[in-house]
Amino acid sequence: KKINCGIILGSPNLFYFLEYSGAGALVYCDSKFTLVVPALEMYRAGDVKSVDVVVYYPSKIADNVIEGNLFKALEKIVKSEYVGLDVNWNDANTFRFLSEKYKIIDISTEISKMRSIKDDEELDRIRRAGEITATAIKMAMEKLDNNVNEKQIAGIIDMTMKTVGAE
């Protein structure tokens, strides 16, 4: 059974593969990657330069926007009988729709293996995230006393993380 198309869902997966933070699906068909997003994510998705972006919305708002939901958009893009799917990142409704429309091949293991391999750049980002977190926790601990509530501590952590370089 040959997989001609793959669908990758889940914010962590989308961020891993595209450094995109938002709703949507990454589709690979016909040797082409397409990021499928709701209209509210259109401008954020436009920052992703390595893939085509297809937008959907419940009603017709523009010629280049697919009318309908994610399922309608996928129907227009995915024309293969066999579809690879990371089944770990699907809710029951999405899985039911996809499995009724396509013959699903679970690629969860392959995706997990890919995500477990870290290059030097990713390792540097992980180290930097750890340094930022440690700085923020240290700052919050220094501000602890009986007059500081949980919301204020969260604000101190958030502000410190952004100040020292977190996104």
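Contact here means heavy atoms within 4.5 Å. With that in hand, some notes on the structure.

1. First, what we're looking at. This is a predicted model, where local features need pLDDT of at least 70, side-chain atom pairs count only at pLDDT 80 or more, and totals for chains, interfaces and linings use all residues. Residues are numbered from 1 along each chain as its sequence is written, and side-chain values use heavy atoms, with hydrogens and water left out.

2. On to contacts. Take the contacts in the protein with a separation of 6 or more: 38% of them are between residues 24 or more positions apart.

3. The layout goes like this: the protein has seven helices and seven strands, where helices (H or I, at least four residues) and strands (E, at least two) are DSSP runs, numbered from the N terminus. Starting at the N terminus, the order is β-α-β-β-α-β-β-α-β-α-β-α-α-α. The radius of gyration is 20 Å, well over the 15 Å that the globule rule gives for 167 residues, so the protein is more spread out than a compact globule. (That radius is taken over C-alpha atoms, and the rule is 2.2 Å times the number of residues to the power 0.38.) Along the principal axes, the C-alpha atoms fill a box of roughly 60 × 40 × 30 Å.

4. Now the surface. Of the 167 residues, 35% count as buried. Buried means under 20% relative accessible area, exposed means over 50%, and partly exposed is in between (1.4 Å probe, protein chains only).

5. What about the inside? A nonpolar core is a set of buried Ala, Val, Leu, Ile, Met, Phe, Trp, Tyr and Cys residues joined through side-chain atoms within 4.5 Å. The largest one has 21 residues, and Ile7, Val27, Val36, Leu70, Leu74, Val78 and Leu98 touch the most other members. Among the elements that each supply at least two residues of this core are strand 1 (5-9), strand 2 (25-29) and helix 4 (92-101). Helix 3 gives the largest share, five residues. There is also a second, separate core of 15 residues, which includes Val37, Ala45, Val55 and Ile111.

6. Leaving aside neighbours within four places in sequence, Gly6 is in contact with Leu26, Val27, Tyr28, Val83 and Gly84. Gly6 and Ile105 are 99 residues apart in sequence, but 9.0 Å apart in space, C-alpha to C-alpha. As for Ile7, residues touched by it beyond four places away in sequence include Val27, Leu74, Val78 and Leu98.

7. Over in helix 4 you'll find Thr94. Thr94 is buried, with a relative accessible area of 10%.

8. Last, a couple of loops. Both Asp30 and Ser31 sit in the loop between strand 2 and strand 3. Asp30 is exposed at 71% relative accessible area, and Ser31 is exposed at 64%. Most residues other than glycine have a negative phi. Asp30, though not a glycine, has a positive phi of about 50°. Glu19, in the loop between helix 1 (11-18) and strand 2, isn't a glycine either and has a positive phi of about 55°.
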